[in-house]
Amino acid sequence: MTAKLLGGDSTDLTSTVGYDSIIQHLNDSRKNCKEFEDFLKESTLKRSLDVFKQQIDNVGQGHIQLAQTLREEAKKMEDFREKQKLHRKKIELIMEAIHKNRNLQYKKTMEAKRLYEQRCRDKDEAEQAVHRNANLVTQKQQEKLFLKLAQTKSALEDSDRSYQQNVTTLEKIREEWQKEHIKACEFFETQECERINYFRNALWLHVNQLSQDCVQNDEKYEEIRKSLEMCSIEKDIDFFVSLRKTGSLAPAPVVYENYYNTQRNATPVRSPVPVPISR
């Protein structure tokens, strides 16, 4: 290669056209890159670069497709989550109403119990007052004590009846709440099983998609490796030499010419014929 590049089209010993071509090729970045592109058009390295760019583009397209697939899977997950949310909201509303009714009835029952216990104490105090003052008060005062006792007994009966009714109502609500609570727990358990199963399958599918993408990418990279194996340094160097060579002959040697001999000799002395360059 060097011998061909250092040759010249003329026999001028001072010609540096070959050397200048090499220096210009190596140092002139912009022009060098353009020349390199031209020379790569038919080189094995250029073909490898074309394969590289094409396969990298294919990898990028694969990533775009994978991203679209993942967006679709994310939408499915969102739809599944919203569906579960709507179903769960119905159960939550039912349970909220039951809890509110249960708590309200419990409060009423506790208030009825408090009033019932107070009426019991009132009745007991009235009875004790009658017994304590049986022989110490007038007939009229005794009548008042008996009247008060009768009133406390009547109030006690009313409060006792109300208390029992509230307890009965609370028990019905408690049974309803317990039944609905069990149904809600069973529903939530079913939802949780569905969620875990769906989520596990989605992750499994996602991993398979990533794995498949890796396999496909490796196949594309293998095409690049194969094209690089076909890249021939010798062929590309020969191509560049053929494209940029300056000649196949080295400059002829400069011979001594005696001025006076030249003047006496009418026939001019011819320079030696250039010698072909050995590779």
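Is Q141 buried, partly exposed or exposed? Q141 is partly exposed, because its relative accessible area is 40%, which falls between the 20% limit for buried and the 50% limit for exposed. The residue belongs to helix α5, which runs over residues 139-229. Its C-alpha atom lies 9.7 Å from that of V130. In sequence, Q141 and V130 are eleven residues apart.

Now for the whole chain. The model is a predicted one. The protein chain has 279 residues, and 19% of them count as buried. It holds seven helices and zero strands. Read along the sequence, the pattern is α-α-α-α-α-α-α. Take the contacts in the chain with a separation of 6 or more: residues 24 or more positions apart account for 81% of them.

How far can the prediction be followed? The mean pLDDT of the protein chain is 81. A value of 70 or more is reached by 79% of the residues. Among the elements, α5 has the highest mean pLDDT, at 90. Helix α1, residues 2-6, has the lowest, at 47. Over residues 1-10 pLDDT stays under 50. For that stretch the model has 28 contacts beyond four places in sequence.

N166 has its place in α5. N166 is buried, because its relative accessible area of 13% is under the 20% limit. Which residues does N166 touch, leaving aside those up to four places away in sequence? They are Q105, K108, T109 and A112. N217 is also found in helix α5. N217 is buried too, with a relative accessible area of 7%. Leaving aside residues up to four places away in sequence, N217 touches V59 and H63.

Next comes helix α6, residues 233-244. Start with its length. The helix has twelve residues, and at 1.5 Å a residue they should span 16 Å. The expected span is 1.5 Å times one less than the number of residues, because the ends are counted from atom to atom.

Which residues of α6 are buried? They are D236, F240 and V241. An α-helix has 3.6 residues a turn, so residues three or four places apart point the same way. On the other side of α6, E234 and K235 are exposed.

How many aromatic pairs does a search of the whole structure find? It finds four. One of the pairs is made by Y259 and Y260, whose ring centres are 5.4 Å apart. Their planes stand at 85°, so the pair is edge-to-face. Both Y259 and Y260 are exposed. Another ring, that of W177, has a charge over it. The charged end of R102 sits there, 4.9 Å from the ring centre.

Methods:
Residues numbered from 1 in each chain as written. Predicted model: local features only at pLDDT ≥ 70, side-chain atom pairs only at ≥ 80, totals over all residues. Heavy atoms only, no water. Phe/Tyr/Trp six-rings, centres within 6.5 Å; stacked < 30°, edge-to-face > 60°. Buried < 20%, exposed > 50% of the residue type's maximum accessible area, 1.4 Å probe, protein only. Lys NZ or Arg CZ within 6 Å of the ring centre and 35° of its normal. Helix = DSSP H or I, 4+ residues; strand = E, 2+ residues; numbered from the N terminus. Contact = heavy atoms within 4.5 Å. pLDDT = per-residue confidence, 0-100.
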